[in-house]
Amino acid sequence: MKICVIPDAQVKSDVSIKHLLWAGKYIADKKPDVIVNIGDFWDMPSLSHYDVGKKSFEGRRYKKDVDAGNLAMDLFLQPILKEINRLKKNKKKQWNPRFIFTIGNHEERIARAIENDCILEDTIGYKDLNLSAWEVYDYLKPVVVEGVAFAHFFTSGVMGRPVASARALLNKRFMSCVMGHVQNRDIAYAERADGKRLTGLFAGIFYDHDEDYLGNQGNGAWKGIWMLNEVSEGGFDELPVSLEYLRGKYDG
């Protein structure tokens, strides 16, 4: 089995989304069995409670946030769906990948807004997001594929905070796990008594813009997607595919 993982894209209006088309083309070329979007695809800055009252909050609108992410999702899926449909005409060669989307804390802002103001119920919701092609898993609910657990992040302790490292991820969950949420990529390995290899993976980020809150050093984090090859009973060989590689191969 081959699984492609798309880390946090944090799409909002007025940022570049061309890299999502490049990722879609790469996936159409490589044809993984499963595509996992780890969440925080939509940034949803209009629902951020951190910036309320600040000058930077001016002009933010829920519809603008939703539309920006929906457009980016269309762009990402375009080459994938085109290739799926092309191969449907070939009876000997088909490609029907499984699409998995794990809700991130940025999408979960929608549920939180409804919880804080019940008048919004039936007015806004995850239904507004372009997720019809995906199996959607609720915020922090893991989904296990061939012995590998995927979630936007995995928690540590009763406070529900994210684990701090890939090594801690393995120590806490005792199985191969892949998560997003944090900016930097991180990998740790372990081995079961029967010789099966376990991997903990922080997938990093996949956006082509800078975030003001990260500062000059934080914005230097690795950016890209992942292809997990030969996935079986929790073991896999991870292949990082950088945004710069995708740019060089598919831009123009």
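For side-chain pairs I use the polar contact: a pair of N or O atoms within 3.5 Å, where within protein one must be able to donate a hydrogen and the other to accept it, and residues adjacent in sequence count only if both atoms are side-chain atoms. This is a predicted model, in which local features need pLDDT of at least 70, side-chain atom pairs count only at pLDDT 80 or more, and totals for chains, interfaces and linings use all residues. Residues are numbered from 1 along each chain as its sequence is written, and side-chain values use heavy atoms, with hydrogens and water left out.

Entry one, the loop residue. I located Gln94 in the loop between α2 (62-88) and β3 (98-102); helices (H or I, at least four residues) and strands (E, at least two) are DSSP runs, numbered from the N terminus. I found a polar atom of the Gln94 side chain 2.8 Å from the backbone oxygen of Leu87. For the backbone oxygen of Asn90, the distance to a polar atom of that side chain is 2.5 Å. Leaving aside neighbours within four places in sequence, I list Leu87 and Lys88 as in contact with Gln94 (heavy atoms within 4.5 Å). Gln94 has a relative accessible area of 41%, so I note it as partly exposed; buried is under 20%, exposed over 50%, partly exposed in between (1.4 Å probe, protein chains only).

In α4 (residues 166-173) I noted Ala166, Leu169 and Leu170 as buried. They lie on the same side of α4, because their arc around the axis is only 95°, taken from the directions from the helix axis to the C-beta atoms. Their cover includes β9 (176-179), β10 (185-191) and β11 (197-203). After α4 comes Phe174, with a positive phi near 60°.
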